[in-house]
Amino acid sequence: MSDTRRRVKVYTLNEDRQWDDRGTGHVSSTYVEELKGMSLLVRAESDGSLLLESKINPNTAYQKQQDTLIVWSEAENYDLALSFQEKAGCDEIWEKICQVQGKDPSVEVTQDLIDESEEERFEEMPETSHLIDLPTCELNKLEEIADLVTSVLSSPIRREKLALALENEGYIKKLLQLFQACENLENTEGLHHLYEIIRGILFLNKATLFEVMFSDECIMDVVGCLEYDPALAQPKRHREFLTKTAKFKEVIPITDSELRQKIHQTYRVQYIQDIILPTPSVFEENFLSTLTSFIFFNKVEIVSMLQEDEKFLSEVFAQLTDEATDDDKRRELVNFFKEFCAFSQTLQPQNRDAFFKTLAKLGILPALEIVMGMDDLQVRSAATDIFSYLVEFSPSMVREFVMQEAQQSDDKTEKSEFLNFFYNHCMHVLTAPLLTNTSEDKCEKDFFLKHYRYSWSFVCTPSHSHSHSTPSSSISQDNIVGSNKNNTICPDNYQTAQLLALILELLTFCVEHHTYHIKNYIMNKDLLRRVLVLMNSKHTFLALCALRFMRRIIGLKDEFYNRYITKGNLFEPVINALLDNGTRYNLLNSAVIELFEFIRVEDIKSLTAHIVENFYKALESIEYVQTFKGLKTKYEQEKDRQNQKLNSNRFRRDAKALEEDEEMWFNEDEEEEGKVVVAPVEKSKPEDDFPDNYEKFMETKKAKESEDKENLPKRTSPGGFKFTFSHSASAANGTNSKSVVAQTPPATSNGSSSKTTNLATSVTATKGSLVGLVDYPDDEEEDEEEETSPRKRPRLGS
């Protein structure tokens with residue numbers, strides 16, 4: 001047994017009645033002890049994992065469809081399907097299933113679907129009595145047949161019985177012969193009945209019936225029956241469209257007749273589902289799930305057959321890139337590839353990857369480069385769709401191709417190289433429409449920064465009295481609020497708004513993924529300011545795109561961006577939009593509130609302070625959410641915390657200064673008389689940072705010490721602690737104050753006063769570039785050292 005014979009794809013039907021691909025593997029039938037019976041096992045061809053383990057239940061209805069499909073239901077709303085690569089493999093597994101259930105392998109369905117309510121009624125009856133007796137297929141019986149078909153739709157068991165009866169008696173072909181007779185006789189009543197009959201048979205949702213109805217012999221007559229809807233005054237002309245208007249174009253001749261037939265069939269069945277049949281009601285919504293599956297598996301088969309024909313694809317690419325190919329032919333080739341890529345989405349992931357790798361190997365990107373340069377809008381649109389499939393499949397492949405085009409080398413591109421190229425050579429093209437439609441008059445920049453409000457009109461709209469209006473790309477000073485002249489800055493044109501929305505979507509993606517490059521671009525171009533001009537667009541979707549762009553920037557919580565926003569006052573247009581929106585509870589309102597709520601929840605302090613300090617008065621009346629009050633609370637809490645920290649730092653430094661002062665006096669060398677003593681200078685301490693009680697304490701202390709040490713020189717006045725500015729060499733060189741105190745040799749008695757003054761000035765000027773209290777990072781380290789093992793203060797005289 002060959003591997004390909006048992007090679008299958010496993011599908012499950014999802015809630016939307018679409019088939020989901022669960023993977024590819026090899027199927028076998030074997031006895032499973034845990035399940036106590038013969039079971040179907042599918043092991044993945046990639047890693048051998050178990051994709052499916054399903055017991056062959058004697059009462060489950062298995063269906064064989066299109067020679068290579070086996071479909072069944074294991075539970076309510078859980079349908080399974082095995083799609084075989086070869087018919088022989090499908091037949092082998094089908095025989096195993098039929099053997100377990102005691103059925104003849106020639107049947108297409110192993111069981112009649114009996115619902116529980118009717119099962120007991122029929123279980124003792126002979127199998128032949130399960131079938132519905134069909135009226136004779138004659139013109140005068142059409143009404144009776146229509147009533148029968150319509151009546152069974154509400155009962156699953158009766159639908160199954162009717163489907164089996166129609167199949168066994170070859171009834172559908174007989175009905176279609178009656179259709180031809182009715183058309184020839186212009187029997188309108190009979191044609192209306194046939195519409196109801198054929199539509200009802202489609203709703204039986206049976207693949208075996210579809211194979212008959214959609215065969216080359218029958219499908220056009222089925223379409224003909226569906227033209228005669230009784231609700232229409234005149235019949236539709238679907239057959240005329242399918243045979244005359246819709247032409248099948250073989251861009252490259254298809255020699256495989258089976259493939260050609262499958263393409264024709266798929267197109268026509270898709271037309272029946274999408275165009276002819278009315279939108280199903282809630283009652284009917286599950287009636288056509290098998291029709292959807294029929295189309296799906298047809299597409300899978302078409303893509304697989306085309307992909308395996310390398311000669312065909314090679315010829316398509318050769319003509320697509322050949323300069324001699326005329327534009328009409330190239331247009332057909334591009335449209336073919338667009339549909340081909342769309343069909344490829346039905347493939348399982350492994351096969352889809354192989355499909356796109358094949359296209360890349362054959363040169364799809366150089367081919368797209370050629371067709372994207374064509375003037376034909378339809379061709380460019382199709383090429384863009386193909387390109388989007390490729391980008392979704394492999395962005396790196398596309399980046400590499402772009403960089404090779406730019407560098408003309410085989411260099412394997414990295415993301416950074418591509419981004420350098422993109423921002424240097426491409427970004428200005430992307431943003432040109434945005435910058436053009438949001439430009440400002442440079443002479444009015446100051447006014448613009450203050451007010452940032454525009455009146456909106458677009459010169460491309462029908463003009464009444466502005467026959468001399470300038471093009472939309474030219475902007476004048478008349479765009480500022482308060483001007484009496486025409487305002488031409490923002491697009492009211494829907495097409496332009498759509499274009500700008502797409503550009504903003506791309507830029508928003510860049511903000512999230514490109515970081516450094518886009519940050520530089522935004523700040524250099526002042527791009528966010530330009531984008532926020534669109535907050536006043538009459539097109540809400542465009543205003544939301546602009547807001548989403550800002551929200552993504554704020555979401556990064558990058559302080560570079562935050563400073564850019566606060567310095568540029570860029571919250572103003574957002575808040576104006578919120579206030580202009582008034583009491584309307586809509587998407588714009590929710591989006592703006594969410595932006596500010598994010599700032600509150602994430603506690604972005606710089607933005608919170610900016611909003612509260614500049615806009616709270618305008619926002620405090622908004623009470624239906626607690627966002628803005630919450631921002632105010634956060635702001636006040638942070639302010640209190642900073643004040644407490646400030647006071648704590650002052651207290652800490654005062655206590656430390658007191659301790660150092662005491663040690664200075666007690667450690668003084670009594671033997672050295674006449675030496676000048678320099679009081680320890682605290683870093684960056686302004687005079688008014690010391691409390692009054694400290695000076696009183698020092699005066700009392702000095703009076704006491706003077707009784708014991710009459711010969712000790714007096715210390716400098718409290719003014720020695722004052723923070724002063726100096727241009728001395730030591731200050732300019734950033735000399736550390738502690739080093740100066742510890743290493744300065746003792747002053748001689750000569751000129752002691754002047755030297756003391758110079759030293760004090762030098763020391764106190766060490767931090768001269770700072771003003772007021774500063775919380776130095778090494779303070780905490782000093783505190784820890786004092787608590788564990790206090791340092792020995794060096795004597796000035798040592």
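Helices are DSSP runs of H or I with at least four residues, and strands are DSSP runs of E with at least two. Counted in this way, the protein shown above, which is a predicted model, has 34 helices and 7 strands.

The chain may next be considered as a whole. The protein has 798 residues, and 44% of them count as buried. Its accessible surface comes to about 42,800 Å², with 48% belonging to carbon and sulfur atoms. Among contacts with a separation of 6 or more, 67% are between residues 24 or more positions apart.

The interior can then be examined. In soluble globular proteins, nonpolar side chains tend to be buried together. In this model, the largest nonpolar core has 62 residues, and Phe-571 and Phe-596 have the most contacts inside it. Helix α24, which covers residues 540–555, gives the most to this core, namely 9 residues. Another core, of 52 residues, lies apart from the largest one; Ile-145, Leu-153, Leu-178 and Leu-291 are among its members.

When its neighbours within four places in sequence are left aside, Phe-571 is in contact with Met-550, Ile-554, Ile-565, Leu-595, Phe-596, Ile-599, Leu-607, His-610, Ile-611 and Phe-615.

Finally, the cysteines may be considered. A search of the whole structure finds 0 disulfides. Cys-510 counts as buried because its relative accessibility is 5%, and buried means under 20%. Cys-545 likewise counts as buried, because its relative accessibility is 10%.

Definitions and conventions:
Residues numbered from 1 in each chain as written. Predicted model: local features only at pLDDT ≥ 70, side-chain atom pairs only at ≥ 80, totals over all residues. Heavy atoms only, no water. Core = buried A, V, L, I, M, F, W, Y, C linked by side-chain atoms within 4.5 Å. Buried < 20%, exposed > 50% of the residue type's maximum accessible area, 1.4 Å probe, protein only. Contact = heavy atoms within 4.5 Å. Areas by Shrake-Rupley, 256 points an atom, 1.4 Å probe, with all protein chains shown as cover. Disulfide = S-S within 2.5 Å.
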